[in-house]
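Here is a protein chain to explore. Follow the text with the model in view, and find each residue as it comes up.

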Amino acid sequence: MWFSYLSHRRACRDKQRERAERIASLKPIYHEPLTSQDKEILSRSVSSLVAAVQTSSLSPSAILVAYSKKALQAHAQTNCLTEVMIASAENWASTANRSGPLAGVPVSLKDLVSVKGWDSSMGYSALVGKPMAADGALVRLLRDAGAVPYVKTNVPMTMLSLESTNDVFGSTDNPHKKGYTSGGSSAGEAVLLALGAARLAIGTDVAGSVRAPAHFSGVYSIKSSMYRFLKQGSASSIPGQEGVPATHSPMTRTLEDLETFWRAVFQMKPWNYDYSVLRIPWRDVKLPEDRPIRWGVLWDDGVVTPSPACARALKTVTAILEKNGHEVVTLQCPSPYEGLQIASQLLLADGGKTASKNHHAFESNDAGMTSAFRGLRLPYFVMKLYAWYYRYIRRDPIYAGLIDTHYEKTVSEFYALIARREDYRSRWFKVWRDAEVEGRQGDDGVDFILTVPNSLPAVPHGGMRHGWKACGYTFLFNLLDYSAGVMPITHVDATADALPRTFRPRNAIERNYYRMYDASAMEGLPIGVQIVGRRLEEERVLEGMKLIERLLRDAGAGYVGLPL
């Protein structure tokens with residue numbers, strides 16, 4: 001055990017030194033202030049950059065310099081980078097495909113995405129110094145499309161938290177407010193996008209890992225359904241886990257760039273790079289014009305009610321939709337709490353053993369995952385007593401219901417959970433307008449689902465000690481495998497978003513999470529909304545997001561992000 005600890009400390013020290021040396025050894029130009037040309041490059045949309053490279057009016061190398069400078073500045077502010085690949089990216093930029101759909105555009109990668117010759121340690125010290133043997137399918141496609149990978153970014157160890165911190169690389173700050181999380185597990189990606197140090201980024205999502213960072217940091221993303229986006233070859237903290245679908249998904253600074261990125265990837269026929277990708281080309285979707293679009297709103301998941309700030313963002317969207325002739329209804333759906341119970345058991349059905357196998361003795365973990373894994377290691381009867389206490393003494397059936405099932409599952413129990421998941425999905429299917437199944441809502445069904453991405457804005461560091469239990473608004477749609485996008489709407493307002501004195505938490509999860517809600521301290525943090533479609537409807541979700549953004553801008557209420 002003592003040897004394991006020493007090995008851990010040495011790996012962390014060596015990795016941090018390696019990162020610092022890579023930054024320090026870069027050419028002087030990368031350490032210089034942004035020039036007027038750099039700023040002009042950073043202000044361009046992806047489509048504009050691609051067009052400039054394709055017509056030879058701008059070089060991939062010039063674009064790389066601008067984004068690398070900005071990325072180093074973002075890292076100095078937030079500690080967001082893990083692998084600094086800029087020196088190698090110079091060669092990649094010089095040989096980039098200048099006729100590809102992403103010609104010359106730098107792309108940031110979440111740490112787990114495999115790049116040949118570079119670590120994908122995911123914050124585990126045991127994986128430091130073990131570079132990947134080959135590019136993953138996604139990186140091969142990006143290179144062929146003309147894109148230039150240049151940095152990889154920070155994550156939480158285990159990839160199971162909405163806060164990104166680990167002993168190897170440290171904690172990543174929110175780009176809007178120091179001392180607050182930028183989300184997880186794709187935190188570093190969201191930081192670079194929010195600060196203008198990237199236009200295109202790749203994250204992954206198993207419980208909200210691209211959507212929570214987008215919400216906390218004020219950027220855009222669409223979580224793909226399983227088998228729609230490339231993932232083969234990437235590292236994973238839970239390889240083989242498919243009870244709750246985990247997907248790779250694009251993240252961007254603007255909605256326009258998000259559409260450009262999706263279209264570019266599918267122009268490259270991703271099913272030719274990754275056997276798991278379904279052969280479904282990108283489809284041009286038009287929303288109905290001969291009838292009102294019906295938006296079903298999930299106002300409350302029954303576990304943690306949306307904070308005044310997040311509820312205000314949601315109401316801003318529903319109000320602008322209704323004003324423009326759309327139909328907004330309260331979503332009639334199966335219990336979201338039931339979904340949380342099923343998903344939480346499936347994700348850690350192995351008792352957390354796979355996510356912990358690379359964990360060194362005394363290696364720090366996210367506060368929430370430390371608590372979760374501790375519970376999984378306790379004897380079964382202890383957790384049953386704990387659940388009994390909350391159910392009958394504290395009168396808290398919500399928390400008791402989650403504690404009661406928090407243990408390692410047998411194979412037969414796992415099969416039973418999969419069966420429950422499928423039954424739950426079939427009941428949810430009936431909420432959609434076009435669903436042709438018994439018990440469907442028919443014309444009373446919805447075209448889209450609207451809800452919050454999280455009940456709170458970004459929370460202070462350490463907040464996931466309790467916040468990991470409050471991820472139901474995103475986790476639900478992983479379980480259902482729905483396409484789900486997040487877009488920024490507004491910012492926290494200290495006066496408008498103050499918590500009413502009449503607020504009383506309904507359960508232990510809500511009580512502990514709301515202890516971190518302080519509208520005055522959180523003022524200025526971004527707030528987003530979540531737009532959800534059916535499985536494999538990423539194009540339709542994008543159109544819904546575009547509609548909302550257009551209506552808000554036409555009303556003079558468009559989101560304003562951080563300046564470049």
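Begin with Lys27, which forms a salt bridge with Glu90; their closest N and O atoms are 3.5 Å apart. This pair links distant parts of the chain. Lys27 sits in the loop between α1 (2-24) and α2 (36-42), while Glu90 belongs to helix α5 (residues 86-94), 63 residues apart. Lys27 is partly exposed, with a relative accessible area of 47%. Keep in mind that the model is predicted.

Why do such pairs form? Side chains of opposite charge can pair when their charged atoms come close. The structure holds 37 salt bridges.

Another one joins Arg228 and Glu539, with the closest N and O atoms 2.8 Å apart. Arg228 lies in the loop between β7 (220-223) and β8, and Glu539 lies in helix α20 (residues 538-554), so the pair ties together parts 311 residues apart in sequence. Arg228 is buried, at 0% relative accessibility. Glu539 is buried too, at 2%.

Helix α20 also holds Arg540, 93 residues from Asp447. Their side chains meet in a salt bridge (3.6 Å, N to O). Both Asp447 and Arg540 are buried.

Now turn to the strands. An open sheet of 11 strands runs in the order β1-β3-β2-β6-β8-β7-β12-β13-β11-β9-β10, with mixed pairing. β1 (81-84) and β10 (327-330) stand at the edges with a single partner strand each, so one side of each has no neighbour in the sheet. Inside the order, β6 (residues 200-205) and β8 (residues 247-252) pair in the antiparallel sense over 6 bridges. Gly203 stands opposite Ser249 in β8.

Just after α7, Gly196 takes a positive phi of about 75 degrees.

How values were computed: Residues numbered from 1 in each chain as written. Predicted model: local features only at pLDDT ≥ 70, side-chain atom pairs only at ≥ 80, totals over all residues. Heavy atoms only, no water. Helix = DSSP H or I, 4+ residues; strand = E, 2+ residues; numbered from the N terminus. Pairing = 2+ DSSP bridges. Salt bridge = Lys/Arg side-chain N within 4 Å of Asp/Glu carboxyl O. Buried < 20%, exposed > 50% of the residue type's maximum accessible area, 1.4 Å probe, protein only.
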